[in-house]
Amino acid sequence: GNVQTQMNLSLISLEIGVALLGVLVLLAGLWTPPNRRHLLGFCTALGLTVILALLVKQGVSVNPITDSSGGYVRDGLAVFFKALFLLAGILVTLLTMGFANRLRTGGAEVYALNCFALCGMLFAASANSFVMLFVSIELITITFYVLTSLQSHRLRSLEAGVKYLILGALSTGFLVYGIAWIYGTTGTTNLPEIAIVLSDTQSDLASNPAPLLFGLALILLALAFKVGAVPMHIWIPDVYQGAPTPTTAFLSVGSKSAGFIVALRILDPFFTSDITRTQTTLIVLTLASLTLLVGNLAAIPQNNFKRLLAYSSIAHAGFI
């Protein structure tokens, strides 16, 4: 048991490091004079750079490494997205340093919240079960609820935070309900085990896959919120416009990438199974087509730069 615990802790050492960095920066902000709070940004960026260097040093193992529960996996896909998230976190931290003088908070809270959101993204990159996926997505989303409405003296920022909160709660409901349906039909929340269940073309599930596909459709609706795809795209223009610029940058790069890595993990068993491949392809094609159409057409009349970029982001989600 102790050996397994040590292996599990070593697997998630990067995530633990990022979370500890956020806590340390938050505590350091209590004793840092206002005229030296910019140093916290340097320390955060430096800490994330060290963690990125450790990730590169670890490299990619030939075979995927999983924890004892099978809910966490370290493979090439996970390492690539972890490096992308850490790089985005470093750049957003540097961007926040130039933006901190516009915020009424001390600045340490922003750096700490960025670290906590980044921790959720790192977990999402390695999530291999619906339980881990749900926890990591919620860690990202709840952190961004705060970051979006950080400029509380601006009405537009508060409006963005409220819209993001309401639609985020709605998407969480879709996600949990979809996971419940898939667990009820397959008997497991572990993605590799779901792939094994779906590979049996002689099972009762093969003769009646409708409950399974209903659960998948609900989960895809929730993921559409994360990546900014139709029909859960309506929060993006208002939030991108109202949120602080560094938060908008982190949302459009980090949070959206986390949504795509989660979608890749979830859709893989459904695309490889003969039972669900056709229907899954149809669902994804429909979402992609509508996202491309709405994103590009709605961008035409925009006269605000951030809203224009928001609709461009929606269209690019359709392309991806």
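Reader: What span should helix α10 have at 1.5 Å a residue, and how far apart are its end C-alpha atoms?

Author: The model is a predicted one, and helix α10 covers residues 210-227. Its 18 residues, at 1.5 Å a residue, should span 26 Å. This agrees with the separation of the end C-alpha atoms, which is 25 Å.

Reader: How many residues of α10 are buried?

Author: Buried means under 20% relative accessible area. The rest of the structure largely encloses α10, because its buried residues number 13 of the 18.

Reader: Which residue follows α10, and what is its phi?

Author: The residue that follows α10 is G228. Its phi is positive, near 80 degrees.

Reader: Which residues are joined by a cis peptide bond, and where is P231 found?

Author: The cis peptide bond has an omega of about 10 degrees and joins V230 and P231. P231 is found in the loop between α10 and α11 (236-242).

Reader: How many residues of α5 are buried, and what distance does the helix reach from its first C-alpha to its last?

Author: Helix α5 (residues 108-126) has 19 residues. Of these 19, 17 are buried, so α5 is largely enclosed by the rest of the structure. At 1.5 Å a residue the expected value is 27 Å, and close to this is the reach from first to last C-alpha, 28 Å.

Reader: How many cavities of 30 Å³ or more are found, and which elements give two or more residues to the lining of the largest cavity?

Author: A search of the whole structure finds two such cavities, and the largest has a volume of about 50 Å³. Its lining includes E138, S171, A222 and K226. The elements that give two or more residues to this lining are α6 (130-148), α7 (155-186) and α10.

Reader: Is L167 buried or exposed, and which residues does it touch?

Author: L167 is found in helix α7. Its relative accessibility is 17%, and because the limit for burial is under 20%, it counts as buried. L167 and F85 are 82 residues apart in sequence and 24 Å apart in space, C-alpha to C-alpha. Not counting residues up to four places away in sequence, L167 touches F225, M232, I234 and W235.

Reader: What volume does the largest pocket have, and which element gives the most to its lining?

Author: The volume of the largest pocket is about 440 Å³. Of its 18 lining residues, the closest to the centre are F260, A263, L267, V284 and I320. At least two lining residues come from each of α10, α12 (245-272), α13 and α14 (305-319). The element that gives the most, with five residues, is α12.

Reader: How many residues in the lining of the largest pocket are nonpolar, polar and charged?

Author: The lining of the largest pocket has no charged residues and two polar ones. Its nonpolar residues number 16.

Reader: How much space lies in the second largest pocket, and which elements each supply at least two residues of its lining?

Author: The second largest pocket holds about 160 Å³ of space. Its lining includes Y240, T248, S252 and K306, and divides into four nonpolar, four polar and one charged residue. The elements that each supply at least two residues are α12 and α14.

Reader: Is R307 buried or exposed, and with which side chain does its own side chain make a polar contact?

Author: R307 is found in helix α14. Its relative accessible area is 18%, so it is buried, the limit being under 20%. R307 touches P237, D238, Q241 and Q302, not counting residues up to four places away in sequence. The polar contact of its side chain, at 2.9 Å, is with the side chain of D238.

Key
Residues are numbered from 1 along each chain as its sequence is written. This is a predicted model: local features need pLDDT of at least 70, side-chain atom pairs count only at pLDDT 80 or more; totals for chains, interfaces and linings use all residues. Side-chain values use heavy atoms; hydrogens and water are left out. Helices (H or I, at least four residues) and strands (E, at least two) are DSSP runs, numbered from the N terminus. The expected span of a helix is 1.5 Å times one less than its number of residues. Buried means under 20% relative accessible area, exposed over 50%, partly exposed in between (1.4 Å probe, protein chains only). On a 1 Å grid over the protein atoms alone, a cavity is a set of points where a 1.4 Å probe fits but cannot get out, and a pocket is an open set with protein on both sides within 12 Å along at least five of seven lines; lining residues have an atom within 4 Å of a point. Grid points are joined across faces, edges and corners, and a volume is the space filled by probe spheres set on the points. Ala, Val, Leu, Ile, Met, Phe, Trp, Tyr, Cys and Pro count as nonpolar, Asp, Glu, Lys and Arg as charged, and the others, Gly among them, as polar. A polar contact is a pair of N or O atoms within 3.5 Å; within protein, one must be able to donate a hydrogen and the other to accept it, and residues adjacent in sequence count only if both atoms are side-chain atoms. Contact means heavy atoms within 4.5 Å.
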